[in-house]
Each structure stands twice: as C-alpha cells, then as structure tokens.
Amino acid sequence: MDPGVTPPPRSSWLLPGLLLAPLLWPGLALGTLAVDGSPRRVLDDLLSEQQWLDVEDLSLALLRGGRLGPQSLPPDLPDLDPECRDLLLDFANSSAELTGCLVRGARPVRLCQTCYPLFQQVASKMDNISRAVGNTSESHSCARSLLMEDRMQIVVILSEFFNSTWQKANCANCLTNKSEELSISTLNFLNQFNNTLTCFENNLQESMHSLLQLKNYSEVCKNCLNAYKTLSSMYSEMQKRNEHENKAEPGTHLCIDVEDAMNITRKLWSRTFNCSVPCSDTVPVIAVSVFILFLPVVFYLSSFLHSEQKKRKLILPKRLKSSTSFANFQENLN
C-alpha cells in the first residue's frame, strides 16, 4: 500500500464480506481462492471492479444510521392513526366502486339508475372524514391530514369530481326528494322504454329475412306506433313538469338517463326504421289552410258586390242649355 493512501475502514469491506460469505465459501472450500491474502484481495478475485463498487454502495446504504428497515426513518415522520386510516380506506374502496359503475354505465347511459347508491355511499364516507366527530382534536387532525396537508389534496379532488359529474348528469331529477330511490315517473318511463325496444326487436325477428334485406320496416312502424307515441308523450310530460318546477332556472334538463333513452328511441324510429307519426289533426289543418287561401277571393267579391257604383252625369253644352231655358220661358208666358 502506498504511504500517502489512507486504508479503507474495516466496515467498508467487513459488511460486503459478510454479505458475500455464501458466495465465497464454496471457493474457499475447494481451495480455488487464496486464503492468505487480505479480504479485499479475495473479493477482487471474485468480483469485477464495477461489482465491487455496487456492493460497497449497498453496504453503505444498509449501515446508514446504524439501523436497518423502517426503524431508520425519522421519528417525527407524519403517520395516520388507525381510525383515520380506516376512514381513508373506506373512502378509497367506495370511490373505486363508484368509478367502476360510472365507466360501465357510460354507454348507453345508465349512470343515475345504477350508481346512485354508490354515490350516496361516497358522499357519506366524505362526510365522515370532513366533519369533526365529537369536536375532538383527533378528528380535526384526521380531517386536516387527509384534506389539507398537501398541495394535491387527492381526496378533495375525487370528491369534487364525483359531485360535478352527478350535477352535470342532473341525476337528482330522476330521484325522489331525499335521493333514496328512483322516482315513480322515472321508473314508468324506463319501463315503457324497455317495452318499446322489445317491440322493435320482436317485429324485426319475426320478419328478419324480408324486412332487413329489403330495408323495409313497415311492420315495425305499424306495430310499435302506439308504444312509441306513449313513450314520447311521457317524455313530453316530464319535460313540462320539469320546466314548471324550475321556472327560476331556465335551460334545466332531465336526468341524463331519460334524455339518452329518448334520443336512442328517436334515432331508431326516424333514421333506422324511417318511421313517422301521422298527425291526428290532418282534417282541421287542411280546412284552416283552405279557408286562409280563399280569404282574398272572398274579400274582393264582397267589395265588388257591396260597393256603390257611381252614376254618370251628363253635362249639356252651353248652346243646348240656353235653348232649353228659352223654351221654358216661352211656355211660362203662354
């Protein structure tokens, strides 16, 4: 060893030697490695220079602080108490279930009718986290740790996302006042929607060969007309009721499930089947149209018949007028 080079501490090669003892023991037993050299020389015979550096880094990492594992972490590392961690896990599980329900019900839209129990569950878990149960310092600490300790605030972001999605879907319009279950009008509409789709499917299956090949859906239009008109009438009534209840909020919609169901039915009826709903007031409309067209004719005829015709007055010339007056004078003398 050179005089100016400081020898490495024993700990720098002792721990790697201990870690590599299982690897060195077969070589020592077979006499393939030198036993009279230093430990570093023995390791040099087994490892390359890069491998030796990696082993030293590993040994330094394990020796840092004189402890191994989590016990070497700072003692003041923030951690959650068991009750707070349980609240966080409950919110995480409920959020995962609601997210899966929302994605599965995205197309066709079935958000409100299938996910409202899970949404209420997530809202309940969020309330358990945010409110201070019993006004204890532990509950305040738990809410602060989960909702306000970091910049991201993941729990708050998830809660706001679920609330925003629920409001955009206007799911409250499909539920009762307490949001405990679907309203009666929504249930009736969804039942009629299923009946209408069943009617479409049954009439297509009965005449599949003739109808689908020729693109002729006259049977569907004829047999499902009443079901479609009933569904359309129910949708119109729900719209009128919604506008009446939300006069102060123009532009409000029905819940997304009802709107999507009606849009699907209308596209099938008009575009796919090329059906139309005959107007029941055809005769009155034609009568009013004919009456309006004949109004100008009636007006001009009545004007012609009731107007006074000007009488033509004959204007006599001056000569005739003077002779006539002279003859009248003579008759008066006689």
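As it is a prediction, local features need pLDDT of at least 70 and side-chain atom pairs count only at pLDDT 80 or more, while totals for chains, interfaces and linings use all residues. Numbering runs from 1 along each chain as its sequence is written, and side-chain values use heavy atoms, with hydrogens and water left out.

Let's start with the big picture. The protein has 15 helices and zero strands; these are DSSP runs numbered from the N terminus, with helices being H or I of at least four residues and strands being E of at least two. Of its 334 residues, 26% are buried, where buried means under 20% relative accessible area, exposed means over 50%, and partly exposed is in between (1.4 Å probe, protein chains only). Now for contacts, meaning heavy atoms within 4.5 Å. Among those with a separation of 6 or more, 66% are between residues 24 or more positions apart.

Next, pick out Asp260. You'll find Asp260 in helix α13, which covers residues 256-272. Asp260 has a relative accessible area of 8%, so it counts as buried. Leaving aside residues up to four places away in sequence, Asp260 touches Arg107, Pro108, Val109 and Arg110.

Now compare Glu83, which sits in helix α5 (residues 82-104). Glu83 is exposed because its relative accessibility is 61%.
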